[in-house]
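Please look over the sequence and the model before reading on. The report below is written for a reader who is new to them.

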Amino acid sequence: MILSLPNCLWFIGEMTYSDRNDMIATMRRLKICVLIPTYNNAGTLRDVISGVMNYSSDIIVVNDGSTDSTNSILDSFGDSIIVVDYHENKGKGVALKRGFRKAMELGYEYAVTLDSDGQHYPEDLPKFVKAIAENRGALIVGERDLSDVDINGKSSFANKFSNFWFCVQTCRRLKDTQTGYRAYPLKHLHGLSLLTSRYEAELELLVFASWNGVKIVSIPINVYYPPRSERVSHFRPALDFTRISILNTVLCVGAVVYGLPAGILNAVRLKRIFRSELRLFTHNGADRKESAVTLGRLMRSIYGFSYFGFLSMFVFTPLVSLYFSIGKTTERKRLRLHRLLQWMSKRITVRFPGAVTRYENISRETFENPALIICNHQSNLDLPVMMAISPKLVFLTNDRVWNNPVYGKIIHNAEFLPVSCGVDVMLPHLKSLIDRGYSIVVFPEGTRSEDCSIHRFHQGAFLLAKELQLDIIPMVLHGTGQCLPKKYRLFKKGEITLKALPRIPADEYAELSLRERASMFRRIVRKEYNEIALRKETAEYFRSLVLYKYAYRGWSVVSRCKKTLKESGKFDKLINSKSDYKSVRIVNSGIGTFALLYALVNRETEVYAYESNVDDCRIAEATVQLPGNLHYVHAVMQSEFGDDAGFDITIVLDSTPAVSDSKNIYLPFKS
């Protein structure tokens with residue numbers, strides 16, 4: 001369950017009780033324990049454990065066969081710590097292995113190791129927790145600043161010697177490979193069975209991790225070295241340097257035989273090649289596109305526009321021009337042209353690449369009696385979708401459509417009219433068309449909507465209805481703005497719906513002013529549009545849009561997006577519930593795929609997506625045209641995840657989920 005805790009008040013030194021609670025809750029959420037191997041450090045052990053207990057209640061101490069008073073010190077802590085104990089000293093490597101295995105048995109995912117000799121500050125634990133949260137799966141190394149520390153020459157040489165050989169063996173640079181203050185990702189530990197028994201095992205863990213593609217992150221830490229007379233050291237110069245030299249020789253051979261091939265395989269397995277975004281497909285200059293230009297979209301668009309362009313330019317335009325140049329222009333000729341346009345529109349709508357068109361006519365309107373048809377306007381696809389419903393429609397168009405070089409002559413002969421010619425010029429022509437049985441189609445918004453919202457209706461359309469005494473048939477378009485948005489020239493996958501609402505006789509709104517008529521019919525269209533959206537805009541409807549927003553942003557990003565979209569299909573019932581939730585929290589939102597899908601489907605719900613990994617947050621926040629109800633939040637400490645009371649439900653994405661309840665829903669995947 002997600003806990004609500006007071007805000008943190010971080011400072012070096014003693015922590016307040018609320019700080020400790022927040023830290024403990026954060027470490028438990030991230031499944032972090034503290035592992036302290038010890039051998040004959042009775043003088044400092046109690047203070048080290050007590051200091052760690054200010055930050056963590058998940059402490060494992062490995063007693064590596066100590067012969068001093070270590071046992072009695074550990075006994076004094078009782079059940080507040082977990083002790084792994086054995087009688088014979090076996091070395092730090094063995095102590096770490098046994099500690100790691102105990103931590104994994106207890107279900108921890110990270111172990112922060114620090115030495116028991118007092119040189120590491122427990123106050124640096126928050127730095128490790130933050131680094132773990134922001135770099136999940138990485139091995140975190142505490143980098144000591146040894147420039148002002150009184151250490152002997154042998155220790156300084158050993159550190160530089162180790163740094164050099166680590167670089168040779170892994171082609172990575174680390175400034176401090178000898179530090180024992182680290183955070184190990186327990187699921188990504190490699191070579192445990194091959195570790196040597198002494199303290200050089202820590203170098204081996206770094207090398208094995210690097211070979212196997214584990215990210216290694218350095219963070220600055222403080223270090224304390226007591227006066228040399230007070231130090232307890234188990235370092236044996238001659239023997240230990242000999243052993244380290246032999247180990248480095250073996251590791252250098254291993255780097256060629258195993259490390260290099262493993263590095264290549266892991267780069268492919270972890271999708272670390274082709275990580276860069278392909279800006280040619282995702283950007284217009286410095287600006288990111290609303291959705292990427294995928295090869296599928298490109299091919300569908302080439303096919304769709306080529307099909308339409310070829311029919312218009314090389315078939316219908318020449319035929320129409322020839323047809324109307326021979327003989328008189330009769331009513332029969334006009335009607336044949338309109339039937340031809342209807343047939344062509346049906347062919348085009350059937351072949352919208354990646355889109356399905358559905359017509360809904362709840363009142364069984366036949367369009368035999370003339371009327372003013374009003375409809376919301378989203379896309380260039382609106383005209384062919386509407387032209388397919390009846391041959392006896394005439395559209396009022398803008399100048400761009402009227403002057404189009406591809407199909408302009410066709411619509412001229414079909415008696416479409418440009419709105420720019422004015423009402424006085426249009427009225428006689430429209431009266432003639434109505435007398436011949438044609439209905440007039442107007443988009444009262446005057447322009448296409450970029451975000452599919454329904455803009456204010458202009459009064460001009462309703463002036464025409466008043467002057468011509470026409471019934472009004474409201475129609476609603478949904479989905480064309482998704483398939484071919486304004487300002488975009490490439491098709492997307494989607495579903496298009498055109499719904500005809502019941503005809504409203506002229507005398508039912510005769511007493512209303514033009515402004516009142518415009519407002520009334522906008523409310524009618526918007527209400528029906530919202531009902532269609534509620535019914536149609538499901539998780540399945542938006543999956544292709546979400547994928548377009550992540551396409552070509554790097555192999556790993558695209559792969560994670562596809563995997564999340566696939567996994568989320570198991571929970572469509574939850575996503576599509578469209579409940580009355582005012583506010584929903586999503587924890588472990590990753591790169592934001594699931595949160596974006598949920599927010600698109602549930603437009604009336606404020607969605608707060610929390611993620612600790614800083615790189616994932618940047619990817620999520622860089623997504624263009626996010627819905628206004630979606631808020632990405634970078635949070636590390638438990639207190640940064642908001643108050644439970646402020647959310648109707650919490651959805652936790654976790655590969656090892658807990659049991660769900662009425663307020664917390666656990667889904668077994670990570671976005």
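## Basis of the report

This is a predicted model, in which local features need pLDDT of at least 70 and side-chain atom pairs count only at pLDDT 80 or more, while totals for chains, interfaces and linings use all residues. Residues are numbered from 1 along each chain as its sequence is written, and side-chain values use heavy atoms, with hydrogens and water left out.

## Helix α10

Helix α10 covers residues 295-325, helices here being DSSP runs (H or I) of at least four residues, numbered from the N terminus. Shortly before the proline Pro-318, α10 has a kink of about 35 degrees at Phe-316, the bend being the angle between axes fitted to the seven residues ending there and the seven starting there. Just after α10, Gly-327 adopts a positive phi of about 75 degrees.

## Packing against α11

With helix α11 (residues 331-350), α10 forms an angle of about 170 degrees, and the axes lie 12 Å apart. The two helices are therefore roughly antiparallel, a term for angles over 145 degrees. Their contact (heavy atoms within 4.5 Å) involves residues including Tyr-307, Phe-308 and Phe-316 of α10 and Leu-337, Leu-340 and Trp-343 of α11.

Glu-528 belongs to helix α18, which comprises residues 514-536. Because its relative accessibility is 11%, Glu-528 counts as buried, that is, under 20% relative accessible area with a 1.4 Å probe and protein chains only. Apart from neighbours within four places in sequence, Glu-528 is in contact with Val-476, Lys-499 and Leu-501.

Notes
Axes are lines fitted to C-alpha atoms, for helices over the stretch in contact, and angles run from 0 to 180 degrees between N-to-C directions. Angles under 35 degrees count as roughly parallel, over 145 as roughly antiparallel, 65 to 115 as roughly perpendicular and the rest as oblique. Buried means under 20% relative accessible area, exposed over 50%, partly exposed in between (1.4 Å probe, protein chains only).
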